[in-house]
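Thanks for coming, everyone. Let me put the structure up, and then I will walk you through it.

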Amino acid sequence: MRRCEFIRTGHDLRANEFAPTNAVISAMKLIDIVQFASGSLRGSPARTLLMMLAMSIGVAAVVVLTALGEGARRYVVNQFSSLGTNLVIVLPGRTETAGLGPGMLLGQVPREISLDDADALLRSRAVKRIAPLTIGSATLSRDALNREVVVLGSTSDLLEVRHMSIGIGKFLPPGDIHESASVCVLGNQIRRELFGNEQAVGQWVRLGDRRFRVIGILASQGESMGMRTDELVIVPVASAHQLFNTSGLFRVLIEANSREVIEQAKRDAEQIMFQRHGGEKDVTVITQDAVLATFDRILTALTMAVGGIASISLAVAGVLIMNVMLIAVSQRIKEIGLLKALGAPAKQIRNLFFAEAALLSAIGSASGLVLGYTGSAIIGQIYPSLPVSPPWWAVLAACGTALGTGILFSVWPARRAARLDPVAALAGR
Amino acid sequence: MIELNRVSRSFTVGDQQVGALRDIDLSIAAGDYVSIMGPSGSGKSTLLNLIGLLDRPSSGTYKLDGGDVTALSDEQQARVRSEKIGFVFQSFHLVPRLTAAMNIELPLILAGISPAERKARVEKLLENYGLTDRADHRPDQLSGGQRQRVAIARATIMHPAVLLADEPTGNLDQTTGKEVMNLLEQLVEQNVTLILVTHDPVIGGRAHRQIHMVDGQITGENKSSAEL
């Protein structure tokens, strides 16, 4: 009998002893599961790439959209805090719709807030400083140049309360709230229009029928909550009252001593106004915090909603994974049969397919994160004023959903693979 | 070693019961070299699948190493397959994306054996089967004979007591087929129980015991002291 070549060359099979193996047979090692799964993923690169693409687009969508929502929220919060910190605002009239009060029947308008009312608010220990506000419009003119401007009547403390800053010269001088000095502070754009390159501080301008001396120019701040400080003229509140022939304040801004006493300041303000107005609650006191909190809630909800919509694409990616996994099971039916013949229990085969799905989702979400963060960075470049950055919870949720759907949608294909009859599977049926 | 007692296996085709195996009584001792021969459809592959625990009998009992394995759970049966049974198939059944070495390693990986031991055992086997220079080739880069050698190496790497071969030479030319048979027969010398399914009387005739099957029943048995 012809002995085969590889035996003739001296390989002796007898060296391979058939003693029972001493090695402890245990479950397949995790690292081997991962390696096997990644091997089968590499085995069909086109399929793997497409599934990863679907996953990463889903994750990137969640990241970018929540980053935008979060950016909008932070933008609003920033705008509010640039308005001043620990603000409590007193405005005349009740905003409640409590029906007809006795005053209304008599044809009365709500009582106005006087300068003395505003001054009285300083009695509260929670109040750090106040800035009464009167607002109106008047014609500002210098020689032949004139234009319509928004005039703000206030006191020296407005600068601190509203976080404004002065560019050239000085702000309104401190002193008696009732003193109607003929000085004014101009917004930067008004200065430019009226004076061009000339020195503005120290010059006289005409506002309505009164003359004011320019003592300062506001630093250019752009827009802050709908009020362009660049196009503003600020005069002492008493002067404004004379100018507009009124005695009531538009608002009183109160800065509380600290964040903790904001509520205290609000209660005190209500109490003081209540006493001074003869036991009638005819003013409304709101805290900036309450307004801010409302905006915050609305925008967070919006961000979550947008993120939720984006995560639908993750579910779609999950369905895609299931579909492709089912195809993979029937394509690899012989391999599954072989694994069974080699002693892999059903559980192990299920785990192998789970590992494949998990690996796919993990790599998919990782590349999705890269994609999403890159996208957010690009948007941040295009809109520098929008603080775009995805919130941590959205990143976690996106990755969690990606992994979850990936594994969830592989349950059926994996079970199908595990339940295959080994004889039929080996025959490719 | 292997004891089949009135084992039957029937399949449902449409609304009819078709008996693939009928009341098989068979006992095979450890170290035996048995061939099962018969025309196609005689149930010889079904019998091999039953012995390999890939299939369950419809009735009857099957004892392996003295223990009844008929009633074992799927997981327990998988464990028995892993520890005691090796398969060699007609179409080799190598995983196409894995190299020869990795295909041989597969049963060790599934059994959770440490990488160091796996490497040592695979290397030794590659050498024994003259495949060292083919270790990093994928199945489509190997000849038929090399593929079947890889498959035999894979079947024996867990040191099984029983080796089941279903037409192991069916896809090979005569020369390579003989080489493969020589390999398998050397394993018998090391006290492995070899059960061979074939329809080729020349190949089957080499076994110590030849079992003939027709229509799901054992119709005869020859014992021979044929060349080894």
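Start in β10(A), where Val233(A) is the bridge partner of Leu186(A). That bridge belongs to an antiparallel pairing of β5(A) and β10(A), over two bridges. Strands here are DSSP runs of E with at least two residues, helices are runs of H or I with at least four, and both are numbered from the N terminus. Two strands pair if DSSP finds at least two bridges between them.

β5(A) also pairs with β7(A), in the parallel sense, over four bridges. There, Cys184(A) stands opposite Val214(A) in β7(A).

A word on the source. This is a predicted model, in which local features need pLDDT of at least 70 and side-chain atom pairs count only at pLDDT 80 or more, while totals for chains, interfaces and linings use all residues. Residues are numbered from 1 along each chain as its sequence is written, and chains are lettered from A and ligands numbered from 1 in the order in which they are written.

How confident is the predictor in chain A? The average pLDDT, the predictor's confidence in each residue from 0 to 100, is 84 for chain A, and 89% of the residues score at least 70. Over residues 1-24 of chain A, pLDDT stays under 50. For that stretch the model has 32 contacts beyond four places in sequence. A contact is two residues whose C-beta atoms, placed from the backbone, lie within 7 Å.

Now chain A as a whole. Chain A has 15 helices and twelve strands. Of its 429 residues, 39% are buried. Buried takes 20 or more other C-beta atoms within 10 Å of a residue's own; exposed takes 12 or fewer; partly exposed is in between; the C-beta atoms are placed from the backbone. Take the contacts in chain A with a separation of 6 or more: 83% are between residues 24 or more positions apart.

Next, helix α8 of chain A, residues 237-244. Six of its eight residues are buried, so α8 is largely enclosed by the rest of the structure. Which residues of α8(A) are buried? They are Val237(A), Ala238(A), Ser239(A), Ala240(A), His241(A) and Leu243(A). What do they pack against? Among their partners in chain A are α5 (115-120), β2 (127-142), β3 (145-154) and β10 (232-236). β6 (204-207) and β7 (210-218) of chain A are partners too.

Just after α8(A) comes Asn245(A), with a positive phi of about 55°. Most residues other than glycine have a negative phi. Asn245(A) is not a glycine. Asn245(A) sits in the loop between α8 and β11 (251-256) of chain A. Is Asn245(A) buried or exposed? Asn245(A) counts as exposed, because it has 8 C-beta neighbours inside 10 Å.

Chain B has a positive phi to show as well. Phe92(B), a residue other than glycine, has phi near 65°. Look for Phe92(B) in the loop between β6 (85-88) and α3 (100-110) of chain B. Phe92(B) has 22 C-beta neighbours inside 10 Å, so it counts as buried.

Over to chain B in general. Seven helices and ten strands make up its element list. Of the 228 residues, 50% count as buried.

One sheet in chain B. It is open, with four strands in the order β2-β1-β4-β5 and antiparallel pairing. The edge strands, β2 (16-28) and β5 (67-68) of chain B, each pair on one side only. β1(B), residues 2-13, pairs with β2(B) over nine bridges. Within that pairing, Ile2(B) has Ile28(B) in β2(B) as its bridge partner.

Last, the cores. A nonpolar core is a set of buried Ala, Val, Leu, Ile, Met, Phe, Trp, Tyr and Cys residues joined through C-beta atoms within 7 Å. The largest has 123 residues, and Val59(A), Val63(A) and Ile36(B) have the most contacts inside it. Helix α3 (residues 45-82) of chain A gives the most to this core, with 14 residues. Apart from it lies another core, of 53 residues, including Val88(A) and Leu133(A).
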